[in-house]
Structure formats: structure tokens, C-alpha cells
Amino acid sequence: MSRILVPVDGSEHAENAFEYAVEHFPEDDIVALHVIELPEGYFAAFAEDTESLPQVEDAKERGHQILGDIESLAADLDAEVETEIISGNPPDKILSYVEDEDVDEIVIGSRGLSGVGRIMFGSVAEQVVRRSEVPVVVVH
């Protein structure tokens, strides 16, 4: 039995990736992972604990809603899913989760940054594809 990781962010693309994973890996363990991106810059530099900043608390609440929606979708698809929520830089955290939790494959939605930000930094999916040591399926 393989362990399949599906990073989720509440987008349609992430939902499509989850549905793809359920359809193509019905016998495997599927983990839906939501990464809360911690703030950077001025406010974060002066905060003793960025995890307790109000915007991070709001993001955690939103993350739990996203994972709840994935659990509901899994129930509708008659599938089981494990959910995890962590904080940090999304590509780094996704890849460290893969390594730490013995994930065999990643199924990720194609949604990422847009415009200039995407050109300068690349999307999360692009960074994961470039740096992953396990197979990655990108779903539109």
C-alpha cells in the first residue's frame, strides 16, 4: 500500500487533485495536507511568535475549514482520508512532509501564484515538481 499526499488550499484545482487521487489510488492511503504560510516582513520580524499573530489564527481556522471540506468530499466519494495542517513555506513543508512521513507520490493541483509573482518565484506546484524526490502528478 502506498502513501499519497495531496496538498490542498481550498482551490478548485486542489479539489480536482484530491478527486484524481481517490480515483487513481483507491487502495492507497491518501493524506490531504494544508500548509499555512507564515507571514514575513515587518510584522513578523517584531513578533515573538508568528504562529500567534491574528492573521495566522485566521489562516488556521480557514485551513480547518478546507480540510473539513476535503473530509466531506471524501465521504461523498466513499473514500477515507487522513488530514494534516502545518505551518511554514508551502513547497518546503510539502517536501519535508514527504520525506518525514514516507510519502510515495504527490498529487497536486496546478494552481499557484499569478502574474509577476509566478514569474519571479514559480508556483508551489512548480517548485514541488522541480525539487521532489518522489513522483508528482499535477492536476488541472
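Okay, let's start at Asp78, which sits in the loop between α3 and β3. Keep in mind that this is a predicted model. What makes me stop at Asp78 is the backbone: phi is positive there, about 55°, although the residue is not a glycine. Asp78 is also exposed, with a relative accessible area of 73%.

And there's another one like that to look at. Asp102, in the loop between α4 (90-100) and β4, has a positive phi of about 55° and is not a glycine either. Its relative accessible area is 59%, so Asp102 counts as exposed, the cut-off being over 50%.

One more aspartate while we're at it. Asp9 is in the loop between β1 and α1, and at 33% relative accessibility it counts as partly exposed. If you want a pair to click on, take Asp9 and Arg62: they are 53 residues apart in sequence, yet their C-alphas are 9.4 Å apart in space.

The chain has six helices and five strands, and reading along the sequence you get β-α-β-α-α-β-α-β-α-α-β. Of the 140 residues, 39% are buried. Take the contacts between residues at least 6 apart in sequence, and 73% of them join residues at least 24 apart.

Now the strands. Which way do β1 and β2 run relative to each other, parallel or antiparallel? They're parallel, with five bridges joining strand β1 (residues 3-7) to β2. One of the residues to look at here is Val6, whose bridge partner in β2 is Ala32. To get from β1 to β2 the chain goes through helix α1 (residues 12-24), and that β-α-β crossover is right-handed.

On to strand β3 (residues 82-87), which pairs with β2 over six bridges, again in the parallel sense. Ile36 has Ser87 as its bridge partner in β3. As for β2 itself (residues 29-36), seven of its eight residues are buried, so the rest of the structure largely encloses this strand.

Further along, strand β4 (residues 105-109) pairs with β5 in the parallel sense over four bridges, and Val107 stands opposite Val137.

Have a look at Phe18 in particular. Leaving out residues up to four places away in sequence, Phe18 touches Val6, Ile30, Ile70, Leu73, Ala74, Leu77 and Val81.

Last stop, for anyone who likes pockets. How much space lies in the second largest pocket? About 190 Å³. It's lined by 15 residues, and those nearest its centre are Pro26, Asp28, Asp29, Ile30 and Glu80. β2 gives the largest share of that lining, three residues.

Definitions and conventions
Residues are numbered from 1 along each chain as its sequence is written. This is a predicted model: local features need pLDDT of at least 70, side-chain atom pairs count only at pLDDT 80 or more; totals for chains, interfaces and linings use all residues. Side-chain values use heavy atoms; hydrogens and water are left out. Buried means under 20% relative accessible area, exposed over 50%, partly exposed in between (1.4 Å probe, protein chains only). Helices (H or I, at least four residues) and strands (E, at least two) are DSSP runs, numbered from the N terminus. Two strands pair if DSSP finds at least two bridges between them. A crossover is right-handed if, with the strands pointing away from the viewer, the path from the first strand over the helix to the second runs clockwise. Contact means heavy atoms within 4.5 Å. On a 1 Å grid over the protein atoms alone, a cavity is a set of points where a 1.4 Å probe fits but cannot get out, and a pocket is an open set with protein on both sides within 12 Å along at least five of seven lines; lining residues have an atom within 4 Å of a point. Grid points are joined across faces, edges and corners, and a volume is the space filled by probe spheres set on the points.
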